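Work through the following exercises with the sequence and the 3D view side by side. Each task is followed by a solution that goes step by step.

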Amino acid sequence: MPGAQGVWQFLRRVWRFVRQRRSLTWAVSISIVVLVVSCILGARSLSTSVNPAQLSYQSHAGATFLTPTPSPTPPGSSKSCPPVAGHEDSDVEARLLDAVNQARASAGVAPLSNDLVIHGEALVHSADMTCYGMSHFVPPGTTPETRMRAAGVTFIWSGENIGWAGVGSDWQKATWLFNSMMAEKPPNDGHRQNILSPHFTHTGIGIYVENASGRLWLTEDFAG
């Protein structure tokens with residue numbers, strides 16, 4: 001950082017001047033300057049470490065859109081896209097389901113049952129997003145509904161929350177995503193509506209974590 005080096009060179013020159021003059025007033029003034037510069041540089045360092053999460057949601061009742069959704073045109077190529085090397089975090093999946101059901105209980109809504117079929121489909125989708133990017137429509141040509149139906153899930157109501165986060169432990173990443181969803185305000189509260197919807201009775205939460213980067217990918221699929 002050339003700018004920072006210039007600041008410290010200036011401070012050293014001023015300090016030599018102060019020692020020559022042995023002025024208490026100057027010494028106090030320089031101490032204040034050093035403190036202010038350190039705070040500025042520290043704030044700069046903190047601001048560059050922030051890695052905001054990304055979120056997206058979709059919810060359907062049969063063929064009727066309940067909430068705004070992304071473009072129905074699938075992004076990317078039709079070619080196969082292998083997932084980035086990673087692993088499932090089943091402990092965080094279970095803890096996140098507990099958090100979801102606690103939120104539903106507070107809202108007076110019945111808890112969601114963990115559906116192993118939906119869970120398997122959601123986990124595959126989280127892994128797919130490491131290569132295709134965050135989307136409800138990957139692999140290209142699919143939707144949350146077609147993915148769940150292809151897995152053998154039957155439903156009238158369906159919804160999906162997806163997101164990724166890259167800062168902290170796996171539980172901190174998942175908690176950040178969950179809290180962000182629950183903090184939404186109407187009318188832009190699709191994630192929160194999916195979590196609290198009384199129409200949903202079953203869910204599958206798939207969490208896939210990239211080995212190298214530690215980025216956590218989340219898919220929450222809902223059915224009722």
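A residue is called buried when its relative accessible area is under 20%, exposed when it is over 50%, and partly exposed in between, with a 1.4 Å probe and protein chains only. Helices (H or I, at least four residues) and strands (E, at least two) are DSSP runs, numbered from the N terminus. This is a predicted model, in which local features need pLDDT of at least 70 and side-chain atom pairs count only at pLDDT 80 or more, while totals for chains, interfaces and linings use all residues. Residues are numbered from 1 along each chain as its sequence is written, and side-chain values use heavy atoms, with hydrogens and water left out.

**Exercise 1.** Find which residues of helix α5 are buried, and decide how they are arranged around its axis.

*Solution.* Begin with residues 144-151, which form helix α5, and pick out P144, E145, R147 and M148 as its buried residues. Next, look down the axis of α5: the buried residues fall within an arc of 165° (taken from the directions from the helix axis to the C-beta atoms), so they line one face of the helix. Finally, step just past α5, where G152 takes a positive phi of about 100°.

**Exercise 2.** Identify the partners that R147 has in salt bridges, a salt bridge being a side-chain nitrogen of Lys or Arg within 4 Å of a carboxyl oxygen of Asp or Glu.

*Solution.* Start with E121, whose side chain meets that of R147 at 2.3 Å, N to O; this pair joins helix α4 (residues 116-132) to helix α5 across 26 residues. Then take E160, whose closest N and O atoms with R147 are 2.9 Å apart; E160 belongs to strand β5 (residues 157-165) and lies 13 residues from R147. Put together, E121, R147, E160 and D221 are linked in a network of salt bridges.

**Exercise 3.** Determine how buried E121 and R147 are.

*Solution.* The relative accessibility of E121 is 9%, which means that E121 counts as buried. For R147 the value is 10%, and therefore R147 counts as buried too.
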